[in-house]
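User: I would like to learn how to read a few features of a protein model. Please take me through them one at a time.

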Amino acid sequence: MGAAGSVAREDVHKYPQYTILGGDAKFEELKEADGKVPLSKVSDPYLQYGGAYLGDPKDTNDFKYVTFTELPHFTPKHKSFMAKHLTQELFDKLKDHKSNKGYTLSNVIMTGVVTPHLGVGATAGDEDSWEVFKDLFYPIIKDWHGYDANTQTHPVDLDPSKLRFTDTQREKFNKYVASTRIRAARNIAGYSLPCGATEHDRAEVERVLKQAFSGLTGELAGTYYELGGLSDEQRDFLLSRGFLFQIPSARNLLTGAGAARSWPNNRGIFHNDTQTALCWVNEEDHCRIISMEMGGDIPSVFTRFCALSDAMKASAQANGTQLMWNEKLGFLGTCPSNLGTGLRASVMVKLEQFNKLLEGDNHEDKELLEQVCSAYDLQPRGSAGEHSPAVGAKFDVSNKQRLGFSEVELVQKMIDGVSKVIELEEMLAAGATPADVRVKVRELTHH
């Protein structure tokens with residue numbers, strides 16, 4: 001945190017390590033008569049796996065990047081694909097490489113080193129990072145998505161008229177689906193991503209996006225709120241609606257990668273007047289677009305999503321640039337988990353019979369919803385995450401895949417898969433056994 005022999009509170013209290021080490025209470029306990037804490041009394045949690053603060057042009061007064069001149073000391077606690085793939089040989093090959101905006105291998109891996117529980121553990125600081133560090137990123141992508149970026153290409157299709165949604169499906173969805181949400185990240189070429197952003201780039205991204213929001217008309221017209229300028233009433237309103245993004249904690253991906261520097265400057269939230277379109281600015285990505293509404297009218301939600309994406313694209317082009325995208329990886333962003341479409345389409349769906357099985361004691365039956373969803377590449381989440389029952393029997397069901405399929409394909413798979421889940425829910429309600437349902441799933445998936 002500091003290089004001096006001892007530090008005053010104002011020197012270090014903005015750093016995430018200050019919170020990790022115990023914050024004000026710990027500082028008070030350790031401080032000496034001069035009000036300072038000798039650095040010999042604490043060990044910096046960001047340096048426990050190797051590395052040193054050698055100075056990085058992106059350092060701020062609330063974050064310093066760690067430079068790794070040697071391979072980090074990975075432990076059994078390090079769960080990420082980055083830790084799995086970063087061999088001594090690969091480290092030596094990439095350690096002196098830099099992207100065109102100055103993002104280094106140390107920057108790429110830092111969050112996965114200092115936050116061992118993360119699943120991916122690597123971040124891109126700009127568009128060029130995906131090319132410069134592809135020897136590390138591509139194996140991570142293969143593990144996470146089952147997609148080979150060396151040989152495959154990624155299709156894009158944002159034409160909502162191609163969705164098939166029958167009147168019968170609409171009727172069923174309106175009966176069982178409480179709400180629908182589709183979200184994805186969009187980033188603007190030519191500017192560094194949040195983990196590598198300069199103050200200038202972050203401000204420019206906000207300017208381009210504000211321009212996009214001010215051009216939205218009709219149903220999409222709304223208001224942009226700067227995160228640093230929220231009144232208590234606005235904050236409470238946004239929180240109560242679930243619109244406010246996570247404030248970075250000392251231990252999450254954003255913090256360990258440097259994406260929370262100078263928080264909350266140039267971050268913000270846009271929503272339209274009917275609260276069915278939402279955009280987060282300069283959180284983990286330049287922009288996260290979210291389209292949502294009550295009920296199960298998926299084509300309506302997807303149409304609005306595509307309109308938001310088109311508005312981002314038009315604003316980028318009006319500023320002489322474009323959205324970050326390439327044919328191998330699709331839409332580019334900060335984290336390898338959100339490449340490709342970066343799209344998560346989800347419904348809150350009421351499944352009372354499946355919920356009863358999850359609340360019961362039969363282990364095989366508890367797995368039934370997971371098996372049914374998995375057959376359609378969907379992921380169910382109960383109230384306490386995966387494999388748990390749901391309060392009010394309302395499950396969040398979403399697409400697992402992001403990369404290698406177009407937006408239209410993934411949303412269609414969700415429509416078709418959720419239709420089948422509802423059909424099986426109705427089978428159970430009519431007296432079928434879990435064994436009957438398993439037979440039916442095999443029939444449906446092997447036709």
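This is a predicted model: local features need pLDDT of at least 70, side-chain atom pairs count only at pLDDT 80 or more; totals for chains, interfaces and linings use all residues.

User: Which residues have the most contacts inside the largest nonpolar core?

Analyst: In soluble globular proteins, nonpolar side chains tend to be buried together. Here the largest nonpolar core has 64 residues, and F213, F302, M312, F354 and V411 have the most contacts inside it. Helix α17 (residues 407-429) gives the most to this core, 10 residues. Apart from neighbours within four places in sequence, V411 is in contact with L163, I182, I298, F302, L343 and A345. There is also a second, separate core of 42 residues, which includes Y49, L105, L136 and A257.

User: Where is the peptide bond cis?

Analyst: Most residues other than glycine have a negative phi, and most peptide bonds are trans. In this model the bond from W263 to P264 is cis, with omega near 5 degrees. P264 is in the loop between α12 and β5 (268-272).

User: Is N282, with its positive phi, buried or exposed?

Analyst: N282 has a phi near 60 degrees and sits in the loop between β6 and β7 (287-294). N282 is buried, at a relative accessible area of 3%. Q275 also has a positive phi, of about 60 degrees, but is partly exposed at 25%.

User: How many residues line the largest pocket?

Analyst: The lining has 28 residues, with W144, R183, S337, N338 and R402 nearest the centre. Elements giving two or more residues to the lining include α8 (134-145) and β12 (394-399). By type, the lining has nine nonpolar, 11 polar and eight charged residues. The space in the pocket is about 740 Å³.

Notes. Residues are numbered from 1 along each chain as its sequence is written. Side-chain values use heavy atoms; hydrogens and water are left out. On a 1 Å grid over the protein atoms alone, a cavity is a set of points where a 1.4 Å probe fits but cannot get out, and a pocket is an open set with protein on both sides within 12 Å along at least five of seven lines; lining residues have an atom within 4 Å of a point. Grid points are joined across faces, edges and corners, and a volume is the space filled by probe spheres set on the points. Helices (H or I, at least four residues) and strands (E, at least two) are DSSP runs, numbered from the N terminus. Ala, Val, Leu, Ile, Met, Phe, Trp, Tyr, Cys and Pro count as nonpolar, Asp, Glu, Lys and Arg as charged, and the others, Gly among them, as polar. A nonpolar core is a set of buried Ala, Val, Leu, Ile, Met, Phe, Trp, Tyr and Cys residues joined through side-chain atoms within 4.5 Å. Buried means under 20% relative accessible area, exposed over 50%, partly exposed in between (1.4 Å probe, protein chains only). Contact means heavy atoms within 4.5 Å.
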